[in-house]
Amino acid sequence: MVRQLGPIMPRPGVETRVAERAVSLENFVSGASDGIVIVDSRGRIVVFNPAMEKITGWLRGEAVGKDCDEVIRAPALRPGGGSEGAVPFRDVMKNGQSAPYSETVLLDRDGRKIDAGASCSLVPSPGGGPPFAAAIVRDIGAIKGAGGVKSDFVSLVSHELRTPLALIKGYIATLLKPEVKLDASTERRFREGINEAADRLTLIVNNFLSASRIESGLFRPHLKEIDIRPVVERVVSELEESAHGRLQFRCTGKNFEIVADGEQIALVLNNLVGNAIKYAGDDESLPIRITVGARKNEIVIAVRDRGIGIPSELRERIFEKFYRGPESVSAPGSGLGLYICQKVVEAHGGNIGLNEDSGAGTEIRFTLPRRDGELRDL
Ligand code: ATP
Ligand code: MG
């Protein structure tokens, strides 16, 4: 007796044939997310899929039958010179060898540049006639754009990191040389230099990490009920040396308890006081004032200096990412500080801005509302 042990499975090959019929070559080509172009041995376009229409702006009906160099164009190499084919269809057919993936610039139908990646391979003719050449084309503009932002950050930060690192190394190397005898005031200047450079390094690294979290949408304050006074006091005492004794700190009001992320508020203050020190000029008799005011519904924190000031037409621009004022380019910086301050303060539901009634110099103030409500999205 023949016992059936389980469901009868289709013979191998049947599934494959069914799948082949469902996913016909035509469906595959028209549904592909990459551009596909096939040209015949004379260089005439015979297949042009919808993804290719999207990349180049040419419609299939216009492209099919045209010479490939007319549709898949590269920018002219010389002014007034002719456009050259950007994908090597003809070389592939001539040499009988596929061209590996490479990145290039194409022109779309309206002459706009597109960053593209393409590979091209030889397709033998089924009837034994002359071969075809097929290219897969991808618009890589978005990927390059994202990488561009990242590389902006990397090159900027690495440049900014080098200066304080070189300073620290220079001072330490001199202090360690047994043959070099320094007088007390020079030695003190060296130690202050090391301290300032270390403050600067810490700020750059913290700003960089916060900016990349903001960029990737991962930044969220860790909210806790805190007393804001010790947070401000800590920043003031850390920056005291760098400010050469110019910092003045005052609190007004009673209740300094607030729901906030203490580390992030410290980063805001580091940036504001750091700016005040950096742009306050050399007159060490001019104080930098940090005030914390406790009001009924909010805490108001202000940092005021008597330095070079900010023209009121720049009041919005200074909060833009990477923006640096025309007067400040000789000072170290990347233009990330105030951008981060604004994002952090807004994430706490507060506001930050330039106080234009403060007279000479600069006053930046920000508010932190006393509320347990929802956080504003970045
Ligand atoms: P980074 O903070 O990344 O080191 P930065 O200080 O140049 O660089 P921001 O803190 O974002 O960048 O400030 C942006 C610009 O605003 C500065 O380049 C400067 O022109 C101006 N600015 C900020 N604070 C002051 C200030 N206290 N006095 C004068 N100008 C200021
Ligand atoms: Mg700054």
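Analyst: What follows starts with one helix and then turns to a pair. The model is predicted, so that local features need pLDDT of at least 70 and side-chain atom pairs count only at pLDDT 80 or more, while totals for chains, interfaces and linings use all residues. Residues are numbered from 1 along each chain as its sequence is written. The chain holds 11 helices and 12 strands, taken as DSSP runs numbered from the N terminus (helices H or I, at least four residues; strands E, at least two).

Helix 9, residues 228–239, spans 17 Å from first to last C-alpha, close to the 16 Å expected at 1.5 Å a residue, where the expected span is 1.5 Å times one less than the number of residues. In helix 9, Ile228, Val231, Val232, Val235 and Leu239 are buried, that is, with 20 or more other C-beta atoms within 10 Å of their own C-beta, placed from the backbone, whereas exposed means 12 or fewer.

Helix 10 (residues 262–278) packs with helix 11 (residues 337–347) at an angle of about 145°, their axes 9 Å apart; axes are lines fitted to C-alpha atoms over the stretch in contact, and angles run from 0 to 180 degrees between N-to-C directions. Among the residues that meet are Leu267, Val268 and Leu272 of helix 10 and Leu338, Ile340 and Val344 of helix 11, contact requiring C-beta atoms, placed from the backbone, within 7 Å.

Conventions: Chains lettered and ligands numbered in written order. Contact = placed C-beta atoms within 7 Å.
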